[in-house]
Amino acid sequence: MRTPAQTPAQIPRATSIRGRLRHTLAVTAAAAGLVTGTLTVAAPAQADPVQHSDAAACPAGIGDKATCYTGQDANGAYYAIAIPKDWNGDLVVHAHGGPDLGNASDPARSVDDLDRWSVMVDEGYAWAGSSYRRGGYGTRMGAIDTENVRRQFVAEFGEPERTFLHGQSWGGDVAAKTLEMYGDKRGLYDAALLTNGVLAGGSRGYDYRVDLRVVHQYYCDNLPRPTEPQYPLWQGLRADSTLTTTGFRARLRECTGYDLAPADRTALQQRNLDDILAVTNIPERTLESHLRFAVFTFRDIVLGRLGGRNPFSNVGVRYSGSHDDKALNAGVERFEADPTAKRDLSYDSDLTGDVEIPVLTLHAIDDPTAFVEHESAYRMTLEEADRDHHLVQTFTQEHEHSQLSTSEYANSMARLAAWVETGKRPSARSIAASCAQFDATYGTGCFYDPDFRPGSYASRVEARPDGGRDWPAMTSGQERRWSRIEGVGIAP
């Protein structure tokens with residue numbers, strides 16, 4: 001058993017054939033240096049010495065159960081590492097959600113996520129997570145930085161017995177992209193747990209926010225106001241806008257009274273709110289966060305990452321559910337995607353289904369942010385790639401997005417580890433049945449519904465006419481062809 005008190009030189013190396021092979025790969029990667037990001041490939045390309053981590057206080061959720069380290073990699077990404085005092089020899093590499101906005105890496109993000117998912121350390125797993133080298137959109141960037149923190153761990157503390165990926169929310173997309181880029185038969189990763197993941201990818205996974213952006217503007221006409229400089233809604237917000245989140249919320253309240261008690265709303269506010277929610281299928285409790293994404297994060301995607309090109313379309317979409325659908329469809333703003341912008345967003349964030357290791361997903365049926373229908377898109381993507389035998393999907397009767405039951409996380413990791421160890425693919429029902437033993441420890445509940453099957457993605461989000469019902473959104477062939485185009489994708 002390796003212990004955190006040992007220096008890297010004192011940590012015993014694996015003696016099995018598998019362990020020696022994986023250690024050889026790890027040493028080769030470390031000697032080549034940590035991964036640097038390019039638009040088309042992610043391969044060792046740097047010969048700088050490995051950065052050394054600093055011992056750090058563990059977050060409150062972990063306390064003295066582990067030894068913790070923090071650092072910053074050669075690309076500027078802050079990271080956090082924890083090694084339990086009773087380490088089981090395995091590693092969980094975490095991909096965080098968001099994306100957070102900002103120009104630089106946030107040193108607090110990886111530490112906060114370590115605290116949030118301290119259950120991994122409680123269950124004996126070492127943990128490593130990157131804050132990514134910058135804020136803003138960039139799924140492949142996140143994947144490269146996630147692989148970098150794995151290599152950082154190996155270089156300093158030795159090769160784990162097994163390495164698992166975990167990603168939640170947008171981090172689910174990042175982790176899924178990481179396993180497609182690095183999770184092959186070389187054995188760098190053994191399996192992945194994707195929880196409440198944005199698994200429809202970027203080119204279609206935000207269509208409901210595109211719809212929200214235009215429907216909101218139709219009813220509210222205040223982002224922008226008629227007296228302000230105008231800009232296309234696919235841009236999210238004009239480049240030089242000084243609008244703050246506080247000012248944004250004030251405009252949403254002005255139109256819909258979204259954060260007021262129903263008795264305090266005007267009749268017009270209530271009708272606007274009812275129409276917007278009915279047309280977009282967005283829950284009232286997350287209206288503000290979805291629209292905020294469609295304003296501020298769209299600006300980052302379009303202006304910050306795609307050079308002002310539009311990757312979104314709502315041509316041919318018929319909106320319904322309002323008190324006057326005819327007027328809505330006649331008056332709502334329409335736009336068509338720039339093909340190169342859509343290609344670049346797709347290349348960066350869409351998934352091909354090229355999966356060669358076990359993948360377990362866990363998703364709240366009433367997730368108000370990443371709708372459970374994202375799972376249908378992912379299942380169809382793996383089916384089309386003939387990789388669905390690597391996938392098991394589980395669903396719970398929960399209502400949150402950012403965190404699920406601790407008992408379920410512990411159970412999911414145990415069943416995923418057993419799948420890797422035995423090669424026997426579990427069923428959703430057997431996973432649900434095993435949760436009670438972990439709930440005896442954590443007491444946060446087990447809410448599995450093993451009989452649930454989500455509807456198609458198009459049953460929740462208006463499909464675009466140009467193949468919007470077909471998955472994958474990007475095929476392996478498209479990915480190969482696009483990778484040969486200089487500058488394709490989103491720059492790290």
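## Disulfide between C220 and C255

C220 and C255 form a disulfide, with their sulfur atoms 1.9 Å apart. This distance, like every other value here, comes from a predicted model. The torsion about the S-S bond is -75°, and the link of C220 and C255 is left-handed. Helix α7 (residues 207-220) holds C220 and helix α8 (residues 245-256) holds C255, so the bond ties together parts that are 35 residues apart in sequence.

## Disulfide between C58 and C68

A disulfide is also formed by C58 and C68, whose sulfur atoms lie 2.0 Å apart. The torsion about the S-S bond of this pair is about 110°, so the disulfide of C58 and C68 is right-handed. C58 sits in the loop between β1 (54-56) and β2 (66-72), while C68 is in strand β2. The two cysteines are 10 residues apart, and the pair is one that links distant parts of the chain. C58 and C68 are both buried.

## Disulfide between C435 and C446

C435 is joined to C446 by a disulfide with an S to S distance of 2.0 Å. The value about the S-S bond is -80°, and the link of C435 and C446 is left-handed. C435 belongs to helix α15 (residues 428-442), and C446 to the loop between α15 and α16. The pair, 11 residues apart, links distant parts of the chain.

The two ends of this bond fall into separate accessibility classes. Relative accessibility is 0% for C435, which therefore counts as buried. For C446 the figure is 31%; buried requires under 20% and exposed over 50%, so C446 counts as partly exposed.

## Disulfide count and pairing

The count comes to three disulfides. When the bonded cysteines of the chain are numbered in sequence order, the pairing reads 1-2, 3-4, 5-6. A disulfide is a covalent bond between the sulfur atoms of two cysteines.

## Largest pocket

The largest pocket has a volume of about 720 Å³. Its lining is made up of 27 residues, and G98, P99, D100, R292 and F293 are the ones that lie nearest the centre.

Two helices, α2 (107-116) and α10 (287-305), each supply at least two residues of this lining. The largest share comes from α10, with seven residues. Sorted by class, the lining of the largest pocket has 11 polar, nine nonpolar and seven charged residues.

## Second largest pocket

The second largest pocket has a volume of about 520 Å³. It is lined by 30 residues, and those nearest its centre are S203, R204, K342, R464 and D466. Two or more lining residues come from each of α6 (202-205), α12 (339-349) and α16 (476-483). Of the elements, α12 gives the most to the lining of the second largest pocket, with four residues.

By class, this lining has 14 nonpolar, 11 charged and five polar residues.

How values were computed
Residues are numbered from 1 along each chain as its sequence is written. This is a predicted model: local features need pLDDT of at least 70, side-chain atom pairs count only at pLDDT 80 or more; totals for chains, interfaces and linings use all residues. Side-chain values use heavy atoms; hydrogens and water are left out. On a 1 Å grid over the protein atoms alone, a cavity is a set of points where a 1.4 Å probe fits but cannot get out, and a pocket is an open set with protein on both sides within 12 Å along at least five of seven lines; lining residues have an atom within 4 Å of a point. Grid points are joined across faces, edges and corners, and a volume is the space filled by probe spheres set on the points. Ala, Val, Leu, Ile, Met, Phe, Trp, Tyr, Cys and Pro count as nonpolar, Asp, Glu, Lys and Arg as charged, and the others, Gly among them, as polar. A disulfide is a pair of cysteine sulfur atoms within 2.5 Å. Buried means under 20% relative accessible area, exposed over 50%, partly exposed in between (1.4 Å probe, protein chains only).
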